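Here is a brisk report on one protein chain. It covers the fold, the core, the aromatic rings and the salt bridges.

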Amino acid sequence: MKNYEINECSGVAKLTAFALGGLLLTANIQAAHAAEEDLAERVRALEEALAAVKAEAQAAQASKRAGNIVTVQERGGRMQLATEDGNFTFRIGGRLLMDTSWYDTDLSPMGSGTKFRQARLEASGTLYKDWSYVFQYDFTGSGESGIKDAYLGYHGFKPADNQLSLYLGNQFQPFGFQGQQSPKYTMFMEQPTSSLLLGAGERRLGGRSDLIGSNWRWSFGAAQAVLGTRASEANRSDPVDLATQFTFNPIQERGHVLNLGASLRHQSSNGSDAHRQRTRPQTHISSFRPVDTGSFISDGFIGAGVQAIYQRGPFELESEYFQQKYDQVQGGLADGEKPEFTGGYVQAGYFLTGESRAYDAGRGLFAAPTPARSLSQGGIGAWQLAGGYSTVDLTDGSIDGGKIDMLMLGVNWYPEQRLRFSLEYGNVLKVDGGPNNGDEPSFVQARAQVEW
């Protein structure tokens, strides 16, 4: 009897243990199912996140291929917009040049004053890498004459691994150095009298090509009208102006450049046969022109020029000589004559603070200096001293325009790369012949300049 009770209790215990084990097993199975479902949900979430990242990367890559990412870039102290693939760039820029002059007159009156020499806005950039464009408008002009550089360029040709650039629009003819150098970067506020009068002259509407090698450039231009001029009774058709220039750089290093060049130009009047040569004395406020040929009739002229430019560290030397020979004069005192006018200049500059201006070998021109320590960096900016002599002779045969010799001294201060302040002294050393024979005025002039 006693043994039976013990066995019964043992069976109950076993049954209870079995039931509890089943409950625990069921709970574990349910927990495992829940964990599996949670893991699956986490995997699905991770897959969705990876898919989103992949889609975003593909969209960014497609946008990059399409060139839709636009960045802001800094180039030489100026800002521009550019697509990431480099196909397109765009820049809005401009300049303000404010001049003031004080004249010490001699024989003829010269009115002192102040004015904006240039107040210009421009848009420039590239299209599809190989195309470039520039459009400038100067608000000191009016109407069509306010349009300055306005041309389209193509740079995709590479004959014999050289660069061939083609331009169409309003631009300077390839003739001389000083006439193609931007007035923002000339050593003095105005060009030397010889370069201004016998050099490239005003921009003209036409085409130009530049073939550029490793250390040389050959350019050719064909153009007609100066914008803002129109045919008249005396000038019935636009003149045809052809120009070519070859430059060679025997030395072409950073801060050490020797540039030699020669230019030729032929202008056929094409019915526009009224000519007059006269010039200011390297200042622009006064309209007084000491040398003046007066008007004469000729079918055109042939011009020639040679140049030598040298830079060694902070020292720069620039020199040019020009000759302009006219076709036979028709009528007047000089009837049947072929007058020839000549001129040249030499000028030098030295940066007291040690800078060297950047040289663009492809164009054969200088850019703005970058101060070693600008004012914003706690320095004193870049300081340059400059001196120059120029001469131009407009007397030949029966045409007595006079000869003028000029002396120029100046100092340029660049507190920042795109800011310039200039102070200059000019002296007409001699006017020999012409309508203002013996007139020897002098002047002091200053300029405040900003570009962006």
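## Secondary structure and overall figures

The protein chain has two helices and 24 strands. Both are DSSP runs, numbered from the N terminus: helices are H or I with at least four residues, strands are E with at least two. The model is predicted, so local features need pLDDT of at least 70 and side-chain atom pairs count only at pLDDT 80 or more, while totals for chains, interfaces and linings use all residues. Residues are numbered from 1 along each chain as its sequence is written, and side-chain values use heavy atoms, with hydrogens and water left out.

Of the 452 residues in the protein chain, 42% are buried. Buried means under 20% relative accessible area, exposed over 50%, and partly exposed in between (1.4 Å probe, protein chains only). The protein chain exposes about 22,900 Å², and carbon and sulfur atoms supply 59% of that area. Accessible areas come from the Shrake-Rupley method with a 1.4 Å probe; for residues, only the protein chains shown count as cover. Among contacts with a separation of 6 or more, 61% join residues 24 or more positions apart. A contact means heavy atoms within 4.5 Å.

## The largest nonpolar core

The largest nonpolar core holds 35 residues, and Phe 341 and Ile 404 touch the most other members. Strand 22 gives the most, with four residues.

## Aromatic pairs

The whole structure contains 17 aromatic pairs. Rings of Phe, Tyr and Trp (its six-membered ring) pair if their centres lie within 6.5 Å; planes under 30 degrees apart count as stacked, over 60 as edge-to-face and the rest as tilted. Trp 131 and Tyr 154 form a tilted pair, at 4.7 Å centre to centre with 55 degrees between the planes. This pair links distant parts of the chain. Trp 131 sits in strand 5 (residues 131-138) and Tyr 154 in strand 6 (residues 147-157), 23 residues apart. Trp 131 counts as partly exposed, because its relative accessibility is 36%.

One aromatic cluster takes in Phe 296, Phe 301, Tyr 326 and Phe 341.

## Salt bridges

There are 17 salt bridges in the structure. Each is a side-chain nitrogen of Lys or Arg within 4 Å of a carboxyl oxygen of Asp or Glu. Glu 122 and Arg 91 form one through their side chains (2.5 Å, N to O). Glu 122 lies in strand 4 (residues 113-127) and Arg 91 in strand 3 (residues 89-104), so the pair ties together parts 31 residues apart in sequence. Glu 122 counts as buried at 12% relative accessibility, and Arg 91 counts as buried at 9%.

Asp 99 and Arg 447 also meet in a salt bridge (2.7 Å, N to O). Asp 99 is in strand 3 and Arg 447 in strand 24 (residues 442-451), 348 residues apart. Both Asp 99 and Arg 447 are buried. Another salt bridge joins the side chains of Arg 357 and Glu 316 (2.9 Å, N to O). Arg 357 lies in the loop between strand 18 and strand 19 (359-360) and Glu 316 in strand 17, so parts 41 residues apart in sequence are tied together. Arg 357 and Glu 316 are both buried. Salt bridges with shared partners join Arg 78, Lys 184, Arg 418 and Glu 451 into one network.

Note on methods
Core = buried A, V, L, I, M, F, W, Y, C linked by side-chain atoms within 4.5 Å.
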